[in-house]
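Subject: Structure handover and what was found in it

Dear colleague,

I am passing on the structure below, and I would be grateful if you could look through it with the notes that follow. They are meant for someone who has not seen it before.

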Amino acid sequence: MSTPFRLGIAGLGTVGAGVVKIVQAHGDMLASKAGRPVEIAAVSAMNRGRNRGVDLAGYAWEDDVTRLAHRADVDCVVEVIGGSDGPARALVSQALAHGKHVVTANKALMARHGNELADAAEKAGVALSFEAAVAGGIPVIKAVGEGLAANRLSRVYGVMNGTCNFILSEMEKRKADYGDVLTEAQRLGYAETDPSFDVGGIDAAHKLAVLAALAFGTRVDFDGVVTEGIERVTLADIETARDMGYSIKLLAVARMHETGLEQRVRPCMVAETTEIGALKGVTNAVVAEGDFVGKCVFSGPGAGQGPTASAIIADVIDAARSIVRPAFGRPAAGLVAAPRLQHGDEHSPYYLRFMLADRPGALAQIAAALGAEGVSIHRMRQYGQGDPVPVVIETHDAPRDAIDAAVAAIAALPVSMIAPVAIRIEEV
């Protein structure tokens, strides 16, 4: 019989337990695909006595998670602890240093330390794989890094956080405010007690930084991702967007320009008839645009025990078959630090919402402030009556710095009663 490929699993939460379940349920199938048995040798987690719904009796237990990196009976470390530093980083670094393959679902770790870890894996001649770190069960890492390798990619973008998509979808469906839907998302387990990591856009920014490096052959630059969450999106914005033919999505976008790499996570309006605009609930979708293949859309479950564990096992099978590729699609020495596109150089049409005092000349003041910054109005509409009165403007294509300057000037006007809102309109 072929020598088994032995796993050390670090973290036995929802995803770690899912990995154990797949190995136990599909042992014969995994062996046939890997060309050798795939077995679990050892596990580690914080609480040894906790019931995780899986039988762990046949596996060695390590109280110190980093000991998995030193065990002679572990060929591959599966890291599902989470966190960009601490035990996760220590374990992965030590595993690579000891010549062990690493499979991780940790987008924060890869976004913060992917460059150094990729270099360490390459020097050790082992795999560092992270399919599960971006978009859960959707095989977008392999698709971008391998399937689209013949293409020069111009843009990758998508909805990469199911919590935010659920909240925005439910606000539209139920005509409910942000706070009420967030509470429901927490009750259903889609949002954490402290939801800031998701609703603030940080989770999506981690994923985008990793995906952009893979797509454009650059070093991971998480600090270069301009990030804005969905906290300021109101039901009025969502209903107005629908009236205009748009949906609001937390969109993660990376695009390579001649002057630098653009990376941003922001609420955007997209045409509601597109794949992204029609996306509902916790589903994720990622789009890659290549010069020869055109536009490829990948959609599916972006989180959860089964989808994420499934992505991990796909990487495990590759490692068991001794398939070792550069972590970001090309040798680490060839990855360059791309210059960042200046924030103000981003440009697109924008949706602007104002709450104005109902007095003569108010609209003229708004138009004058936009005109002073070179922002042209495509269409304008006053919604309802009252004081203040909501006014919505859709602009023609404009640089972000011009929009920001105009909005700041308008906010200072006596007729502006509430801070204006600016939402980018993205062509997808």
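Strand S8 (residues 226–227) pairs with strand S10 in the parallel sense over two bridges, where two strands count as paired if DSSP finds at least two bridges between them, and where helices (H or I, at least four residues) and strands (E, at least two) are DSSP runs numbered from the N terminus. In this pairing, threonine 227 stands opposite valine 265 in S10. Please bear in mind that this is a predicted model, in which local features need pLDDT of at least 70 and side-chain atom pairs count only at pLDDT 80 or more, while totals for chains, interfaces and linings use all residues. Residues are numbered from 1 along each chain as its sequence is written, and side-chain values use heavy atoms, with hydrogens and water left out.

S10 also pairs with strand S9 (residues 246–257), in the antiparallel sense and over twelve bridges, with alanine 254 opposite glutamine 263 in S10; a hairpin of two residues joins S9 to S10. Strand S18 (residues 416–425) runs parallel to S10 and is joined to it by two bridges, and here cysteine 268 stands opposite arginine 424 in S18. Eleven of the twelve residues of S10 (residues 260–271) are buried, so the strand is largely enclosed by the rest of the structure; buried means under 20% relative accessible area, exposed over 50%, and partly exposed in between (1.4 Å probe, protein chains only).

Elsewhere there is an open sheet of six strands in the order S3-S2-S1-S4-S5-S6, with parallel pairing. Strand S3 (60–61) and S6 stand at its edges with a single partner strand each, so one side of each has no neighbour in the sheet. Strand S2 (residues 38–44) and S3 are joined by two bridges and run parallel, and the bridge partner of valine 43 in S3 is tryptophan 61.

A search of the whole structure finds two aromatic pairs, meaning rings of Phe, Tyr and Trp (its six-membered ring) with centres within 6.5 Å, where planes under 30 degrees apart count as stacked, over 60 as edge-to-face and the rest as tilted. In one of the pairs found, the rings of phenylalanine 130 and phenylalanine 328 have centres 5.3 Å apart and planes at 45 degrees, so this pair is tilted. Phenylalanine 130 lies in the loop between strand S6 (128–129) and helix H5 (140–147), and phenylalanine 328 in the loop between helix H11 (305–320) and strand S13 (347–348), so the pair ties together parts that are 198 residues apart in sequence. Phenylalanine 130 counts as buried at 2% relative accessibility, and phenylalanine 328 is buried with a relative accessible area of 1%.

Finally, threonine 240 has its place in helix H10 (residues 235–243) and, at 8% relative accessibility, counts as buried. The side chain of threonine 240 reaches the backbone oxygen of alanine 236 at 2.7 Å, which falls under the heading of a polar contact (a pair of N or O atoms within 3.5 Å; within protein, one must be able to donate a hydrogen and the other to accept it, and residues adjacent in sequence count only if both atoms are side-chain atoms).

With best wishes
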